[in-house]
Structures are given as C-alpha cells and as structure tokens.
Amino acid sequence: ILAQAAQRFAGSWPPPHVAPHAGARRAVSRAPAAMAAGDEHDDDRFNGEKIDHVVATRLHAIDNLEEVKQIYAKMRRRQQRGKSYHDGLQKKLAKLKADLDARTEEVERLKKTSGMELTKMNDDDSRAQSEKEARDKAQDERIRDVLSDVLYTKPATCDRELETVMISYVKDQLRYNLAFHVDSITKVKDLQAAACRYWDVATKDHMLLTWGGNKCQDELYVRECFKVGELAQLRLMQKRLEPREKPTDEEIKATQPRSQRKSKKRAEQAGFDSAGVANLQNQHTGYGEELSKLGGVYFLLKTTTAKPSEHCAKLKLHDLLVYLALAVFTFYTYQVQRPSSSDYWLRSAFEAEINKPGLGTTYLGTNTIDNESTDLNDNESGDLVGNDSEVTDSQPAVFDSFTVPKLTELRTLPDAWNWLEFTLPTIIFPVERVTGLSTHNLMLGYANIRVQSMAASGPFGTHCQHNNDLVKQLAAKGAVCYPIKVDQSVMETGDFLALKPYWDDVLSRQANKTSNTKLRGPTLPWKWADPVHNKEQHGIDSVNGDTQIFDASGFSVEYQMDAARSQLQLDQYRRDIQEFRRVGWISAHSRLVVVSFTAYNSHLDMWIANDIVFELLPADAVEAKYFIRLFRPNIFETKDELLLMYIDYIRLVFAFYIGIFVGMMERQHKIKNRKAGCWYHVTLHGIADLGIVVCVSIILILRQTALNGASTADTLLRAEDLTWTQGFWSYSSVATTYRNILALEGVLFTFVMLRLISFARLSRRVYLLWHAMGIALKHLAVIMLIFAPTVLAIMFIIHVAFGPYFREYSLVSSTLLQFFFMLEGDVDFQPLLQVDAVWTAVVVTFLYVVMYFVLLNIVVVVVVDANYVAHLTSGPGEKWSTVRRLKFFVPAPIVALVHALMPSRAPEGG
C-alpha cells in the first residue's frame, strides 16, 4: 500500500494543473535551488539515490517496512512542500494579475483622456476656423458696403470756385506757361480760342489736354475738366490728323472678308487706306435711331445689371415660425367663428318670412255695431278703429280681402301702411301659429317702429336750390320744395299731440295688467327722442339709406312680441296702426320708417338682429329693404371662447414683433441697398406687415369693447325688459361689429398667407417671379391712373343714361358694381338696348375694345416685359448647398449642442 502511494506521489509531481504564467517562469526555475536548503535535499534522495529513481525501479523489491515508511514520509513532505510552493505561486500570479489590470486600466484611461483632448483640440480648431471665416465674411461685406457707398456716392464738390487756369504750350522745344482768368460759365472752346490767338496758331488744328492726357471737349465748362484735387493746368497740343502707325499685316488680314477670294486679293493689293478710315470715323451712322426701333435689343443694350440682391440675408427662421404660427392661429379662430351652413339656413328662414306677401282685409260695414266699443273712422280705406274692449256684433261684419305686396315690391305709402298693419304682425306675434319664426325662435322683448318726419310748417320756397322763383309762381297750384336731406334743422322735433289722447287712453286700459302681458311698451309714440337719448337708452344707431345717412332720432312705438298670443291683442295692434294712419303719424312729410326686432335661436345659439327700412322719397315713392344680421353678444364665456381670447393676446404679441423688429430689419435692409427705409412700407410684404398689425389690433379692440360686455343671461333679461321700464334695445350695432370682425379675420389671413409666400423667395425661381410681379405692379399702377378717367367717364354715362330706368343703375355705387358685372359678362344688355340703343352701343364698344382688347393686352405686355427685366437685370445669385439649408432650418444653438454631445471620433493608437 505504501509503495503504491509512493508511486502515486512520485507520478503526480509536479502537479499537472500548474501552468505558471510566463512572467513567473524565472521564479519556477529557481525553485530547485530554493528547495535544496535545509532538509529538502534529504527528501529528494534515499540512500544516496534520487527518490524518483528508487520509486520507479526497485520499490517493489524492498522488503523492509521502515524503508518504505521513510520513502513515504519523504514523498509526503515533498508533496506538502510542492503544495505550499504552488499556493505561493498562485498568490504571486494573483498579485501580478491585479497589477496588470491596474496598469491596463491606467493605459485605457490615458488613451481616453488623450483622445478627448485631441477631439477638443480639433473642435477648437474647427470652431476657430469657422469664426475666422465668419469674421472674414463680415469684413468682406463691410468692405463691399464701404466700397459701394464710395462708388455710388457723388463726390463732394469743392466750395472754392476755379479762378485761374495755367495753359502750357511747347514751341521750338521750349515750354511757355500762360495764366488765364476764368469764371463758372467759361467754356473750353472759348479758352482754347484765346490761347490760340495769343500764340498765333490755328484753333481747328489744336486742342486742350489735361496733364492726365484727357481731351477737353469744346462744350464743357472749364471747371468740369478737372478732378477733385487735380492741378488746374492744361496743355495746348496740335492735333494728329494721320494715325501714328500703320496697321500690321496680321491686322489687315484679320479685317478682310473670308468668303470672297478676289476681295481678299484686292484688299491685300490695296493695303491700308488712312483717308478712308478717317472719313468713316467722321461719318454718322445713326445706329442709335435704328436700334431704337427694335425695342428688345435697344432695351437690352441700355439696361445695366443691378446690384445683386441680398434678400436671403433678411429671411430668418424665427420670422418664418412667427408668421406660420400666426397663420395657424388665424385659421383656427376663423374656422371656429365663421358662419356655417346652418347659419345660412337660419337667415334664409327670416328672409323668407319678412319678404313674403300678406293678406289684408278692408271693413265694409255691418247692420248693427255697439257704438260704445267701436266706431268707424272716416279715412279713405274705411278701416276699423276702436278701443281695447271686445266688439259685440248682432250681425256678422263684411270684409273684403286683398293681397299685400312683398316687402321689396312696396312702392307707395299705402302699400307700406298695409304691410305694417297686416304682414308685420304675422311675423313678430305668435298668435295661434303652427309654423313661423316663433316656432323655433324666441322673439325677444319688443318690436320697435321708428319714424323720422320733416316739419310741415315753413315757406314753400325755403328749400329750393335753383328754382325758387319758379316755385313761387306755381305756389297757387301747390308747388313746394322739400329738403333733400333730413337733419335736425328741418326735422319735426315737437310732440305729436294728435296722437296723445288716444295713447293715454290705451295705456290706462293696460295699466292693471302684468308687465309680461302688456302689449305696448313704455316708449311714447307722440314724443320725439333725440339721437343721444335713443343711443344711450335703446342702443339705436344711425341707418344707411340710399339718399343719406339717417341719425337715431325720431318718434318710436314699441310692442312686446311675446305678449300678443290671442286674436284680441292682435286686433289691438291693428287698431293702433289704424289710428296712426288716421292722424298721419307716417305721412308725405315722413322720410324714414324703421322696424327693428331681435330673436334668439337656442338650437344654434345665435342671435338675429332684424332691421326693416322704409325710405320715403319726395317723389311719393317708397324704397324698402331689410338687414338680417346673425351674431353672438358675448364670445368670452365658454372654455373654447376663452381660448380664442388667449389666442388674440398671442397674436397681438406677434403683431408687435412684426411691427417693431421685422419692420426695423426691413428698413435697415433698404438703407443698406442705398434706398430710403420708408420704401419698405410700399412694397408688397411691407403692406402685408402693416395690414397684419392693423388687423390684429382692430380685432382685439372690437372684441374687447363690443363683444365682452354683459353675459348672455343678462343680455336676455335686458332684451325681455320684464319690469316694463326700459323698453326696446337694438343689437344692430353689435351684430355689425360681429360681422366686421369675421371679415377682418379673412383679411388678416390673406395678409399672413401673402407674407408666408414671400419666404419662398429663398428659391431663385420664386424670387425672380416675385421681383417680376413687383416691377409689373409699378407699371400697372401708372396704366391704371391713365385709364381711370376713361373708366369713370363710361361709368357716369351708364349712371346718367340708365339710372332713371333701372334700380341697379340708380346709385353710383350700384353702377360701379354693375360695371364689374359687365366685365364678367353677367349683364343682359337687351333691357338697356330697349331704353337707349346709342348709349348701349357705346358702352358695349368701350367694354370690348378698350377693356378687353386694349387694356388686357397692355397688362399682358407689361407682365411679360417685367419678367424679362427681372431675368436680365438680376445677377445669377448664390446657390444654397445642403449644409446652408440645414443651418437655415436648424438654429445655431442646437447645432452647437449636437457637436458638443456627439464629438468626432479620435484617431486610434498608442
């Protein structure tokens, strides 16, 4: 057993798993020497022999147990010594490995540090190079600007006048100097003649030259021959009539014809003819006159290349983002508030109801009538007039029905009275009606009828303009001159006392009723109200008529629309109208009748302000029209509406930025290009910027003043007037403001989109088109001024010739509109031809010859010519590379941040 263990120990040395590191081989090689110290030598030998040899050769032959034990002990100690040695080597290897890892980490850290330092140096070098290039470019631009200012600036003239000029003349190889006194009007030919007379030489054979060798022309003033700071001295030189040297053979050969050999031989034989050349130089070819007949070539020769435009330098990314955000906000605001199709149908319903024919009745009489309740009036129509009590008939009354014309077809005062009596109550009063405006709309508060009349008293010829004497002669026949325009001086402002007893009686009869059942409002129809009172107490504003603008004054009567829900109340309203008609509340002296009422549609949350205007002309004619305006009295109540308010404030900030900073940059760009800075405001983008600032400011002011007052609930209470103290309130001005704000939103969006298009000038092609349109607009403005008198003349001819026959041509404004319809071909000339064939032929000839043929072709020529001018006079322009486009669309701080976060890779190496 011991022998087998000894053999096993001997075979396992050295341990097979020990693989020392290359760095530890020297330590392993020194191991036998270290093991030789002490008893290590005895453990390696047995009886003078190596223990390995003994175990390998004769261990099986040893019979002595003690010897085997000794060999086993030696092998055991040898194993322990090898194990301790192996552990020492492992510790040493671990220490060497840790040291190697530390050194490797240090090397990697040093490599990374050196790479970062190298990258930083490269970035610093590139940044310094970029800054140097930017400084060089800015310096070049400043140098170019200074040189441009110097080249294009007229040199300052010297304040001191030229008094003495020295003339030198060489004669017999001697130079003589002679001083001459000159003034501001002395010409070169006079000075030359005086010098030639002094030296007794022929004037035609001599000329005056400056010391720079420049010939002084005869018609020049002497003071114009010298440059700034040049010596005022001239030389009198003899002219050379013969050329200084003859042309060479090569020059003669180059000037000969190439096609004909005989001509070439004759030219070579003839040589140079100096007299012919001199004669050719003295001849006047007149090429200028010939070229002037060829417009394009002549213009091309005379046109100089303009200074290269630097418009790209003023187009900034932040400006583009500002205009883009302004466009988005404006589109959103307009899209939210614009009238939708439902608004159109709502207005159409009111229009159909107002402009419908009515059914009227005429009372013919009965056999028995209760005299205490009713009585017959004595007007010509025989209408029934009575009090508010019921009618007691023993026999049925007899009525005759007739048709009341549409509102737009009313032409006489009786038609207007019938419309007020029979058609109007079916519109504003919900009396047992299944269909109508009151079915889906709430009729708010009162309906107001306002009348303006002239004073009936006064001399007949007071208001005559040119026919005062004739009117006085015809005064016996009732001739009278009414005022053309109604104002406070001729208006009836006194109390209408004929109506006062009747109105006091009907008010006393409804005094015991509740406020919501009272048919008549608190306003007294017999009492005149001035414009200030109606504006402050009822919100009534002026009315635009065909003949004039009527103020807010007049006599008014009010009827509560929601109170008339029975036939009795409807009869009360008609009896009032009959009484008004009997006493002449609206008569031949009246000039304006306005019916106003307001409704609310809860389905669409829209208010409807209705104004029906009757304009009574002195020619016993009535012009009726209506205005239906949709609006919202308060647009800052819901969250969406508050968002619109915040958008308005943001747009105001953008408008201030455009007006201050963009305008300042544009004016500086004009000044830099040697133009006045104010010219920016007359350019297309300057007009757009000014329009943006003005539109945003006006929209914000109007919304905050007119549409940010009382809440919708308070407005409803004010319109209803439940206390019967305030009366009617007009919302026509609020509705007009609401409509104007929407129109301004469209104008603002047009200006913003036009300004966004100007940023497309970064493209060379778009810039040339933009520049061509600018040139064309300048020329077209002049052409429009030339043709404007002709167009105005033909418009006045149309107005004078056809105004008395057709309503469309009765006003100058409507004639202008019809003229544009004529240009579009939407007018039927057959009715005009029946009225006046001669003037119709003149108008048609003017339209097709002047407007279509002449003016249209002129516009085409101007636009084409402007396109050629823009392409010929504009330089090639600089090309934008991909890097420059990237720098334009990406801000510089972001580019620098990207370079800092993503540095370039350092070169690999030690």
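Q: How are α22 and α24 oriented to each other?
A: This model is predicted. The axes of α22 and helix α24 (residues 732-758) come within 9 Å and cross at roughly 155 degrees. Angles over 145 degrees count as roughly antiparallel. Therefore α22 and α24 are, relative to each other, roughly antiparallel.

Q: What is the handedness of the crossing of α22 and α24, and how many nonpolar residues does their contact have?
A: The crossing of α22 and α24 is left-handed. In the contact of these two helices, three residues are polar and four are charged. The nonpolar residues of this contact number 18.

Q: How do the residues of the contact of α13 with α22 divide?
A: The contact joins residues such as L326 in α13 and I692 in α22. Its residues divide into three nonpolar, two polar and two charged.

Q: Why is one side of β4 and of β5 left without a neighbour in the sheet?
A: Four strands form an open sheet with mixed pairing, in the order β4-β3-β6-β5. β4 (174-181) and β5 (206-210) stand at the edges of this sheet. One side of each is without a neighbour because each has a single partner strand.

Q: What is the average twist from one strand to the next in the sheet β4-β3-β6-β5?
A: The sheet is open and has four strands. From one strand to the next, its twist averages 30 degrees.

Q: Which residue is the bridge partner of V170 in β4?
A: Strand β3 (residues 164-171) and β4 pair in the antiparallel sense over eight bridges. The two strands form a hairpin with two residues between them, and D172 in the turn has a positive phi of about 55 degrees. In β4, V170 has as its bridge partner R175.

Q: Which residue in β6 is the bridge partner of M207?
A: β5 pairs with strand β6 (residues 233-238) over five bridges, in the antiparallel sense. Within β6, the partner of M207 is M237.

Q: Which strands are the edge strands of the sheet with six strands?
A: The order in this open sheet is β12-β15-β11-β16-β17-β18, and the pairing is antiparallel. Each edge strand pairs on one side only. The edge strands are β12 (528-529) and β18 (621-631).

Q: Which residue in β15 does R450 stand opposite?
A: Strand β11 (residues 442-453) and strand β15 (residues 554-560) pair in the antiparallel sense over six bridges. Opposite R450 stands, in β15, S556.

Q: At what angle to β11 does helix α23 run?
A: Helix α23 (residues 712-720) lies across β11, β15 and β17 (606-617). Its angle to β11 is about 55 degrees.

Q: Over which residues is the pLDDT below 50, with 17 contacts beyond near neighbours in sequence?
A: The mean pLDDT of the chain is 77, and 73% of its residues reach 70 or more. Where pLDDT is low, the predicted coordinates should not be read in detail. The stretch with 17 such contacts in the model and a pLDDT below 50 covers residues 12-40.

Technical notes: Residues numbered from 1 in each chain as written. Predicted model: local features only at pLDDT ≥ 70, side-chain atom pairs only at ≥ 80, totals over all residues. Heavy atoms only, no water. Pairing = 2+ DSSP bridges. Axes fitted to C-alpha atoms, helices over the stretch in contact; angles between N-to-C directions. Contact = heavy atoms within 4.5 Å. Nonpolar A, V, L, I, M, F, W, Y, C, P; charged D, E, K, R; others polar. pLDDT = per-residue confidence, 0-100. Parallel < 35°, antiparallel > 145°, perpendicular 65-115°, else oblique. Left-handed = near helix turned anticlockwise from the far one by under 90°.
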